[in-house]
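Subject: Structure for your review

Dear colleague,

My findings follow it, and I would be grateful if you read them with the coordinates open.

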Amino acid sequence: MPVLSNKPGWFHIQSDSLAFIASGKKWEVALLSFTQPIPMQLVYTKNGFIVFPKYRSGIIEGNAELVLTHRNQSFYYALALKNKKAGLIYERDYRSPKTVNPDSSLQQQSIVHRYDQWRNLHQLQSHSGYFTESPIQLPATSGVYRAQELNAVSAYYVQAGSALSIPIKAIYDRKEKAFIVVAGPLKDRHNNLVANGTLVKFEYSDDRHFFLKEATVLNGFATTSIQPENNKKYQLKASIHQTFSNTIELHPQ
Amino acid sequence: MRTTLDKPSYGIWDDYYGKKLLLVALSLALVTHGTIIYYTLPKTYDAFVHIFFADHYSRFWFEPWEYRWYTGFLTTSYPPMVHQVIALIGKIFPLKVAFCIYAIFILEILVIGIYRFTKLFFDKTTAGVAAILTVVLSSIIETLHVYGQMPTLTGLAFLLNALPFLYQYLVKRKLGYLVMTLAFLSVTVSAHHVTAIFGMVFFIAPTIFMAVTDGLSKTDLSKKITGFALAFIRAALKRHKEILLFGFLMIALAIGLIFPYWYWSKTDPITQVSIPHGSRDNFFEKPSSGLIFFVIPLTLIFALLPAITHTITRKKRFIGWAVSFFICLLLGSGGTTPFPKKMLGENAFNILTLDRFGFWASIIAIPFMAKFIYSFIAGPVKDFWEKNFRPKTHFILSTITGFSYLLFIVFIFHLGSFRPLQPKEIDIQPLLNFLNRDEHMRWRYLTLGFGDQMAWLSANSLAATVDGNYHSARRLPELTTRPVERLENAKFSGEKGLASLTDFLTNAEKYNLKYVFSNDRYYDPLLYYSGWNRTIRLENGIMVWEKGNISTIAPIQPTQVHPLLKKLWGIFPVGSLCIAFILTIFYLRRYKEKDYFDSVPETNQYYPLPVIYASSLLPILFFSGFMFKQVYELLLVKEQKDPSTAVLNYYNHLDFQRFESAFRFFKPTPTYPLDQFLLEKSVSDGGLLPSFAKLDSIAVEKTTISKDTVFAAVYTRWRTSLGRREKREIIPLVKQDKKWYIIPQPFKLEIPDEQMLHYTYTLFKRQGKRVISSFPTVKDDRVKKPFASFKQANFIRDKNRNFITGEILNADDVPVNIALSVLVQFGNNTVKKYYPGTAFKYNLSPKASSFFQIELDSTEVLDSLQIKSVSLYADTDVSEKGYLSGGSLAYTATPGANHKINIRTSLHNELTTEINIPGILVAEKDKDGFIWQTQLLLHTTAVRSGLSTHFEQPLQKIQHRAKRLEQIPITLFINGQLRQQLPVNKDELATRNNGIAVMSHCFMSQEIYLQ
């Protein structure tokens, strides 16, 4: 059985090597960390051999097992891997939920942690732990924000809420011979314009028929045109889900 | 000195007639079939299925579980040798080429087989003629180039080669021949079990009979039937050891070689509704089936039937063959007479494809046909014609017969072009790229309108489809309970086919079915209204449809097969071919005797006069007649001979989109040119009828006004993917120059006021934030689950029908795709999931809502199982399409008799694209606003931009008779979280409209970025 002559507390992947006292020449070596196999090299000495990593780049630190094989026999040695230097260190700020809607809540949770270029966690500078979490009350203004300024992946979103009321007006366009009906400006309770694409239903009726028209909101306004038949009068109201406008009367005269 | 090779001593045909003819046959087969097979292969029925199996063995030789079709099946359900050999050749060549190489190889073995088989009956020259006949025999050409049935041909090729060995073994009692017989029959068993089973009856039994008969003395042979029978039994008993040894070993090999197949068929028996097959039709009622399955393969046999019958019934040694031949011929006639069904039994009749019996009859007939043909070309029959009708007559007769037959063969080679059996060839590379991209293989896909090319796509990809092209392996109840061949050609299986397809499209989550590749817009309405969205049109023109909120494929436990059986399955069948090959070389070098067929008695060369006349003249009559009929149908049919024929043919041309031909039916007038016809068509087409429909049936009723003028009332029934539709039209016709013409109707063109139409769309684009790394993106590529809310959900029982109705709201600021499902838990702790069909708008714009209805099982079923709880689940996904649902509506709901409501709708298309299928989603509400039912009502004609359409649809109200089951509460979940229902509000508009609320739900086919 090969005897490890220089067992280290930590095995630094960028600098350390392991010396074994052993007889025989046909030895094979493998280093298996808990995430990946690490290629190793073996050089024979007078008393045995030395093994060291083939590439001296960083790894994910942690427990590993060195396996020495000679013919049909394998020998296992427990090691603890460590990088000599941490390399580049990044900070990550996770936000949850990424999308908030003021109809329900503007609360958000931020989770911050630090990690190096080889994906090892590092202690935070401000705290003694590895993670910090804090609740955040977001501003009610809708928009796209970033938790970290230069990182597009960290973006989070404050949406507009539901329309509080539907102001509505109609103008008769004589040239087009049609009513131009405009619903808006549509705002939520925080004065944000409601989302583009929000469906506004226009229901109107004459004395016999019921009409349904749909329009989508663009920049806070939903517009539709209605061509009246033979100077007929129409009663019209607009709605978004459960919010209704006043009923207005359309008459070409 | 002038030299010439035209000397008897240099004659090319002086010796070895049979072998030289065989070489000619082999060369001919190579040149003709070898050249053409690569081009006919994509149009065959079965070639791609066998290629798919070959691909399976190429990838997983010792693993019989094939997961790519039908959510998984065992390939032990089909003998593997053919597929394994193609897989081996496919290691060097591409699979299609490997198939062609194998096919040519087998055809050559078949030609040799026929040559050797014929030598059992007649002399070697006749055998050579038989070999040449094989190359041009219509049944073999059809089996190879139209059906692509490689295992059948392989089985037959080796069976025919085994028969002479069997005959020799029984006559000479040498064990070497038994070994050769079994070696060849082993290959037959490993290639095609059906050929092996029926081959025992139709080929091996007559061979044994013939061998035993040949051992009888001349005195025994000349006895009458009873005496002969007794002598035969005595001779058979003398050979009982040989016969029993052969029988025992044959059965042992048949079971042992493909034991996993027998084990599969015993443990997992086929229990499915029989799929209709044209070979079981009554050929008088369905002449098209008769043409394909009877006329084309067997015309030559019928033409030469007098000669075949004469020879096959003349000698006692042929009795077995005569019985086999006539039984096969009768069984091959399918459902034309009741006898095949009675002989085979109801069950076998409905499982077997009967054309193979006709095929075997044609094989048995080959030696007898060859004998007559030889006699006609260079024997006593030729002498008869030359003596009685001058040599020129015989020359002309044989030339015309030969040419007309060859034209007939050319017709069969091109049958796939004349009568397209398959869609045009599809370039599968864009599909493969799509499947490989973005982990699309983690879901199942379905092809529509691909024909048998779906198997070619499967063979080239590791992605799985819910469909498949091997009926015996189907186990999903949605497939086995209906007579549906494949989902991808559901439109050809009538209503049941579409019902099956609808099940898969609506229950897509159950099968992890996320992508549909559509090559046929016929299915577009069904896909759209079942909640599918178009995502991309690939470079090859295939439209990719996608369904949101579908889970990825969960691991399935394959059906367990013992490891030893897996090994046997991979080794024995191919091993049998190798052994047969090695033994053949050994036999040819060491064992073969010269003139080893000396025991075959000679046959009389003369035919009686009626047989000579009939068999000489019938071929010319049949083949010339056939070709004349084709030419007549192509060129000379009077399509306008009477008003009904004119209308029927006009619709026929329209249905197949032959617009120029259809236009010729209009009365020629300078004011109605082709341009005008096409222009009018372009503005009136595009709706459910006729653009997304297939003409099902047509009836014409004419009212005569005068001798030369009639009005034809045309009733048409159309099949659409959303059910049948009917239409009635009145068409005026006039007679001019002995032809009936349609008078073009004045076209009412609607023209909008505006010259330019504008409409503001708000379009969305979902942007994934994909991080490029070696790990699949887990978090940052996911777009959030949007908010939704149930406005109401009700459990309605209408007599025997049960359903959940309600309304769901997109509460978010982005468009969403919603997947609804109802989970019912029963008293016995079983659960069942139900999904909405077409009564739901699956995509909603921000703050939009949709009514829905989800059908449950019948009252009987639900009551017997006892409902424990009902949960309604909604899963949402950010969508970027499908939320535009059409134009503006005006509607009135007028009450009619018996609680019927007449809904009259006007739909104005204010969009910048044509609305192909105007439709409304209707909810029946009570005075408190609760929804009792939801229905999708569609209009059949399109409405162009800026125009309006009006349609009226009846709706049967159910409030007076149905119940809202409030005692069974519905638990609501959105994205897995428990949610409360919003308070139900009264719907004023619905109350004023007799309880009817509507929303537009239209299909627009052109601008796929909108829907």
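Ala19(A) has Ile50(A) as its bridge partner in S7(A). As a caution for this and everything below, please note that the model is predicted. The two strands concerned are S3 (residues 18-21) and S7 (residues 48-53) of chain A, which pair in the antiparallel sense over four bridges. They belong to an open sheet of four strands in chain A, ordered S1-S3-S7-S6 with antiparallel pairing. Its edges are strand S1 (3-4) and strand S6 (40-44) of chain A, each of which pairs on one side only.

Further along chain A, strand S18 (residues 178-183) pairs with two other strands of the chain, S17 and S21. With S17 (residues 168-173), S18(A) runs antiparallel and is joined by six bridges; one of the residue pairs there is Tyr172(A) with Phe179(A). The hairpin of S17(A) and S18(A) leaves four residues between the strands, and Lys177(A) in this hairpin adopts a positive phi near 55°. With S21 (residues 222-226), S18(A) again runs antiparallel, here through five bridges, and Ile180(A) faces Ser225(A) in that strand. S18(A) is also mostly covered, with five of its six residues buried.

I turn next to the interface of the two chains. Contact involves 34 residues of chain B and 35 residues of chain A. Together the chains bury about 2,900 Å², of which 50% is on carbon and sulfur atoms. One salt bridge is counted between them: the side chains of Lys213(A) and Glu910(B) meet at 2.5 Å, N to O. Polar contacts between chain B and chain A amount to ten residue pairs, with both residues at pLDDT 80 or more. On the side of chain B that touches chain A, strand S18 (888-895) and helix H34 (988-992) of chain B each supply at least two residues. S18(B) gives the most to that side, with five residues. By residue type, the side of chain B that touches chain A divides into 13 nonpolar, nine polar and twelve charged residues.

Strand pairing also crosses from one chain to the other. Strand S20 (residues 210-216) of chain A and S18(B) run antiparallel and are joined by three bridges. Within this pairing, Phe211(A) has Ala890(B) as its bridge partner.

Chain B has an open sheet of four strands as well, in the order S16-S12-S11-S23 and with antiparallel pairing. Strand S16 (849-855) and strand S23 (963-964) of chain B form its edges, each pairing on one side only. S23(B) is joined to strand S11 (residues 788-798) of chain B by two bridges, and the two run antiparallel. Arg797(B) and Lys963(B) are bridge partners there.

Leaving aside residues up to four places away in sequence, Arg486(B) touches Gly451(B), Asp452(B), Met454(B), Asp467(B), Gly468(B) and Asn469(B).

The other topic is Leu936(B), which is found in strand S21 (residues 931-938) of chain B. Leu936(B) has a relative accessibility of 17% and therefore counts as buried, again by the cut-off of under 20%. Which residues does Leu936(B) touch, not counting those up to four places away in sequence? They are Tyr529(B), Thr838(B), Ile920(B), Leu921(B) and His1001(B).

With kind regards

Conventions
Residues numbered from 1 in each chain as written. Chains lettered and ligands numbered in written order. Predicted model: local features only at pLDDT ≥ 70, side-chain atom pairs only at ≥ 80, totals over all residues. Heavy atoms only, no water. Buried < 20%, exposed > 50% of the residue type's maximum accessible area, 1.4 Å probe, protein only. Pairing = 2+ DSSP bridges. Contact = heavy atoms within 4.5 Å. Buried area = accessible area lost by both parts, 1.4 Å probe. Salt bridge = Lys/Arg side-chain N within 4 Å of Asp/Glu carboxyl O. Polar contact = N/O pair within 3.5 Å; in protein donor to acceptor, adjacent residues only side chain to side chain. Nonpolar A, V, L, I, M, F, W, Y, C, P; charged D, E, K, R; others polar.
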